[in-house]
Amino acid sequence: MKKMMIAGNWKMNLLRHQARELTQEIILKIGDVKEGVDVILAPPFTALDIVGGLIAGSRVMLAAQNVFWEDRGAFTGEISPAMLMDAGCKWVIVGHSERRGILGETDSIVRKKINASLDDGLNVIVCVGETLQEREVGKTIKIVQSQVESALVDLELEDLQRLVIAYEPVWAIGTGKNATPQEAEYVHTTIHEITGSIFSQDSERIRIIYGGSVNGDNIEELLHMDNIDGALIGGAGLDADSFVKIVKLAGE
Ligand code: PGA
């Protein structure tokens, strides 16, 4: 069985003192979390140092929500993979639908970010998923396939150990509507077929997590599915009790 992953994406929320309080509460409540779950917190850049300091020595890992693909130079406002590593990050989220949709990130930008991050030693969570409109016209698999293929095109099989795919149907993010476990499982299974056709049977080892309105009440059913290896949590991750409940359920 693959190791479960629960990642909290805090998005553009929480001032530093709020990030400190939430992290302290999570660390306290998470206590004896089972070894079988990778727990990740992705605060905004401004709180990376505070959260990183508080989780040091615990099993919780730090992630950034975005990255640039160059190492250094005249790229005002951007942050490189090396800078994120220096700030204590082990992971970075790339290609979130809010960045694709609001900031205009294309598949080729997403690919550059993945490659630069992996090259510099970061682990990557790459997000894929269809919009409601795409779903309604039956294009879910087509969209997910092109995003996955584009994300993986330059990678070697061993890179897959440091890459997690997050399937996040855009219509389910922050809306309270989530895909049914069966709908999510169908797409996750298809993603495995896609990675299998790019690499080999071994790509079965790649973890695929689900995201979109996941909470303490609906996580259990999702995690019962064979190909759902965890979750990327937005809103519910801003509440320590809900987040810890999700982590504990993932460890059962
Ligand atoms: P949500 O966000 O859980 O608030 O729907 C998930 C995400 O965007 O990663």
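Helices are DSSP runs of H or I covering at least four residues, and they are numbered from the N terminus. The model described here is predicted. By this numbering, helix α2 spans residues 48-55. G57 follows α2 and has a positive phi, near 85°.

Within α2, the buried residues are L48, I50, V51, G52 and I55. Residues three or four places apart in an α-helix point the same way, because each turn takes 3.6 residues. In α2, L48, V51, G52 and I55 are among the buried positions. I50 is buried as well. Several elements contribute to the cover over these residues. Among them are two helices, α1 (16-30) and α3 (81-86). The strands β2 (37-42) and β3 (60-64) also take part in covering the buried residues of α2.

Two positive phi values occur at residues other than glycine. One belongs to K11, with phi near 55°. K11 sits in the loop between β1 and α1. The other belongs to S213, where phi is about 55° and positive, although S213 is not a glycine. The loop that holds S213 runs between β7 (207-211) and α9 (219-223). S213 has a relative accessible area of 18%, so it is buried. The cut-off for that class is under 20%.

Aromatic rings were searched for across the whole structure, which gave 3 aromatic pairs. One of them joins F68 and F75. The two ring centres are 4.9 Å apart, the planes are at 45°, and the pair is tilted. The partners fall into separate accessibility classes. F68 is buried because its relative accessible area is 10%. F75 has a relative accessible area of 34% and is therefore partly exposed. Ring pairs link F68 and F75 with W69 in a cluster.

Helix α4 covers residues 97-102, and S97 lies in it. The relative accessibility of S97 is 16%, so S97 counts as buried. Setting aside residues up to four places away in sequence, S97 touches I102, V170 and I173. The loop between α4 and α5 (107-119) contains G104. G104 has a relative accessibility of 43% and therefore counts as partly exposed. With residues up to four places away in sequence again left out, G104 touches R99 and I109.

Helix α5 also packs with α7. Their axes lie 8 Å apart, at an angle of about 40°. That angle makes α5 oblique to α7. The crossing of α5 past α7 is right-handed. From α5, the contact is made by D107, R111 and I114. From α7, S146, Q147, S150 and A151 meet them. By class, the residues of this contact comprise 2 nonpolar, 3 polar and 2 charged.

Helix α7 (residues 140-152) has a further helical partner, α8 (residues 181-198). The axes of α7 and α8 come within 10 Å and cross at roughly 40°. Angles under 35 degrees count as roughly parallel, and those from 65 to 115 as roughly perpendicular. Helices α7 and α8 are therefore oblique to each other. Their crossing is right-handed. On the α7 side, the contact consists of T140, I141, V144, Q145, V148, E149 and L152. On the α8 side it consists of Y186, V187, T190, I191, I194, T195 and I198. The residues of the contact of α7 with α8 divide into 9 nonpolar, 4 polar and 1 charged.

Notes:
Residues numbered from 1 in each chain as written. Predicted model: local features only at pLDDT ≥ 70, side-chain atom pairs only at ≥ 80, totals over all residues. Heavy atoms only, no water. Buried < 20%, exposed > 50% of the residue type's maximum accessible area, 1.4 Å probe, protein only. Contact = heavy atoms within 4.5 Å. Axes fitted to C-alpha atoms, helices over the stretch in contact; angles between N-to-C directions. Parallel < 35°, antiparallel > 145°, perpendicular 65-115°, else oblique. Left-handed = near helix turned anticlockwise from the far one by under 90°. Nonpolar A, V, L, I, M, F, W, Y, C, P; charged D, E, K, R; others polar. Phe/Tyr/Trp six-rings, centres within 6.5 Å; stacked < 30°, edge-to-face > 60°.
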